[in-house]
Amino acid sequence: MYSRLYDFGEGRLPSSHLETEKCHLTLLVDVDGASDTIAMVERLRQVRDGRIMVLSHADHCADAQELPPETIISNDYAVNAYLWSENIDTRPLPQQLVRYLFNTNLRATMAVDGDGCVKHYQRPECGDRNVLFVSPGSIYPLSMGSHQRMFDSLMGLAEAGYDIDVVFPRRPMQLQASAEAALRLIARDVEGYKPQKGKLKGDVKRRRDLLDRAAKLLKQKTSQKPTLAETTQTRSSFWLRQSIDTKVENRNYDLLWVNYAWMMGQVSKEISSKFGSIVCDTHDVQFYRDAAKKHWLDERFFSKKYLRAYELELLQRADHVLAISDRDYGILKDAVRGAQVHLARPSFVTFERPVHPLDMKSPITFGFIGTGMDANVQALEFVLTEWWPRIHAYSPKSTFRIAGSVCSQKQVMTLALMEEQVELLGFVDNLSDFYEGVDALLSPVLVKGGLNFKNIEAIVAGKQVFTNAAGAEPLSDLDLPTVENSDHLIDLLRAIEADPSADADVRRARQAKALNMFRRIDLGCILEKEASAEQ
């Protein structure tokens, strides 16, 4: 629908004169296809600095240069969106438009009504049901798999006719402003609560104190990674509870939607009574992820059995529990008592790109992306010590691009400095840009977890994915090449070089299968039951 982007040149002050690293862009979004767009552009030109562009489905070719719509889906542009419609105060924006804008680098969203009045955009109320959506992060930008999943959940709720209020830990000023600007495209109200962490208490504090004392006395090096029980008390804090209390004082909610089991820490019986139903989207199953062998002292005070029971108790506070993969669904459906467990696969459609054969005249560019969590650090250390030296010996001109906060981990930086052709990109704002810049993902799994988002993202982006048996197992339907050892990896690369077209056909078929499995998150199983329960 909004398939045309027009560049009307510079505004009052050229973008080149502004002291900013990014192109300062005023984007007029012509929601209705108005006939007097040019007059509105000239009005903006008098008051706005930087570039002026129009996103529309109408034809403005005679007045401006037409550009591909994906031009501004880049971190190089700082976008101030002006949403222009006669019905801006009464009709929500089309979901296709929301998805597009959510992928830009938004700084502000303004509403322009039929009379030309400008104000901050506020999504109008449109439904007869309310949901309070609790998130551990800002959701915007869509730079993490968890952010993409939460965004898809919001889109599903909006499509089902819910008016949404979002609460999340407050971020620094500009980041908070950008997140609120983006989220107001889809949510009625957005609020950041104080991100200050809570303190350990009760049995969890006693266990941590005893563990630390024992480790010091016995001179043992134990894991300092917080357990789920500790995260529940520190990150699901008093300030989250206060935010929820304030919301329910001012509005009646049909649903409380909580992301991650540890955020259920503040969902007491008193809180539960104020909502029609409670949904917990697990994102992963922590006790399964942490099933690997632990130091004996860690196991003594925070045993697998204890943490499993702790997590299941949190999940059993919900009426509906969402599992993101078939494997997680199989783990939870019999373990969780008193709540209905649903399979709700995430959507990855926004990563879809055309699949092309690799140009074998150029060296293959490899990639890895991940946060600084222990599972990613272990996987990357394995790649840098086991796979990459062999790849570099085979293809000296190939590069290995590493993205995400995993780059800041000391052991990763040390290993990267020792290896040639390794680039540490750090945090990236746009995941699609990262995948566009690599040919293949090196993504083994050493710590079992939920659904490996980055592997599916790369597949849908048309890239080759090299993983091990643990990484291929959750995606067995996609027939990923399972790397047995570094020599086998080289054999797989030789096969690609021998027939790039055949490799492209395989990737294309795998992409189609992945899109069929993960095209959109299906919330119908929950929302239909909730609607029928209200009638």
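## Basis of the model

Because the model is predicted, local features need pLDDT of at least 70 and side-chain atom pairs count only at pLDDT 80 or more, while totals for chains, interfaces and linings use all residues. Residues are numbered from 1 along each chain as its sequence is written, and side-chain values use heavy atoms, with hydrogens and water left out.

## Overall form

The secondary structure of the protein chain comes to 20 helices and 19 strands, where helices (H or I, at least four residues) and strands (E, at least two) are DSSP runs numbered from the N terminus. The C-alpha trace spans about 75 × 65 × 45 Å along its principal axes. The radius of gyration of the protein chain is 25 Å, which agrees with the value near 24 Å that a compact globule of 535 residues would have; this radius is taken over C-alpha atoms, and the globule rule is 2.2 Å times the number of residues to the power 0.38.

Of the 535 residues, 56% count as buried, a term that means under 20% relative accessible area, whereas exposed means over 50% and partly exposed lies in between (1.4 Å probe, protein chains only). The accessible surface of the protein chain comes to about 23700 Å², and 49% of this belongs to carbon and sulfur atoms; such areas come from the Shrake-Rupley method with a 1.4 Å probe, and for residues only the protein chains shown count as cover. Among contacts (heavy atoms within 4.5 Å) with a separation of 6 or more, residues 24 or more positions apart account for 76%.

## Helices H6 and H11

Two packed helices are described by the angle between their axes and the distance between the axes. For helix H6 (residues 228-235) and helix H11 (residues 304-315), the axes come within 9 Å and cross at roughly 45 degrees, which makes H6 oblique to H11. The axes are lines fitted to C-alpha atoms, for helices over the stretch in contact, and angles run from 0 to 180 degrees between N-to-C directions; those under 35 degrees count as roughly parallel, those over 145 as roughly antiparallel, those from 65 to 115 as roughly perpendicular, and the rest as oblique.

On the H6 side the contact is made by Leu228, Ala229, Thr232 and Gln233, and on the H11 side by Tyr306, Leu307, Tyr310, Glu311 and Leu314. By class, this contact has six nonpolar, two polar and one charged residues, with Ala, Val, Leu, Ile, Met, Phe, Trp, Tyr, Cys and Pro counted as nonpolar, Asp, Glu, Lys and Arg as charged, and the others, Gly among them, as polar.

## Helix H16

Helix H16 (residues 453-460) is mostly covered, with eight of its eight residues buried. The buried residues of H16 include the charged residues Lys454 and Glu457, together with Phe453, Asn455, Ile456, Ala458, Ile459 and Val460. H16 is followed by Gly462, whose phi is positive, near 85 degrees.

## Backbone features in loops

The loop between strand E8 (129-134) and helix H3 (145-159) holds Pro141, and the peptide bond from Tyr140 to Pro141 is cis, with omega near 0 degrees. Ile139 lies in the loop between E8 and H3 as well; its phi is near 70 degrees, a positive value in a residue other than glycine, and Ile139 counts as buried at 0% relative accessibility.

Asp479, found in the loop between helix H17 (469-472) and helix H18 (486-498), has a positive phi of about 50 degrees although it is not a glycine. Asp479 is exposed, with a relative accessible area of 52%.

## Individual residues

Thr222, in the loop between helix H5 (202-218) and H6, counts as buried at 9% relative accessibility. Leaving aside residues up to four places away in sequence, Thr222 touches Leu211, Ala215, His295, Leu297 and Asp298. Arg45 lies in helix H1 (residues 37-47) and is buried, with a relative accessible area of 19%; with the sequence neighbours up to four places away not counted, Arg45 touches Phe8, Gly9, Glu10, Gly11 and Arg12.

Asp115, in the loop between strand E6 (106-112) and strand E7 (118-120), is exposed, with a relative accessible area of 72%. The C-alpha atoms of Asp115 and Glu86 are separated by 7.8 Å, the two residues being 29 residues apart along the chain.
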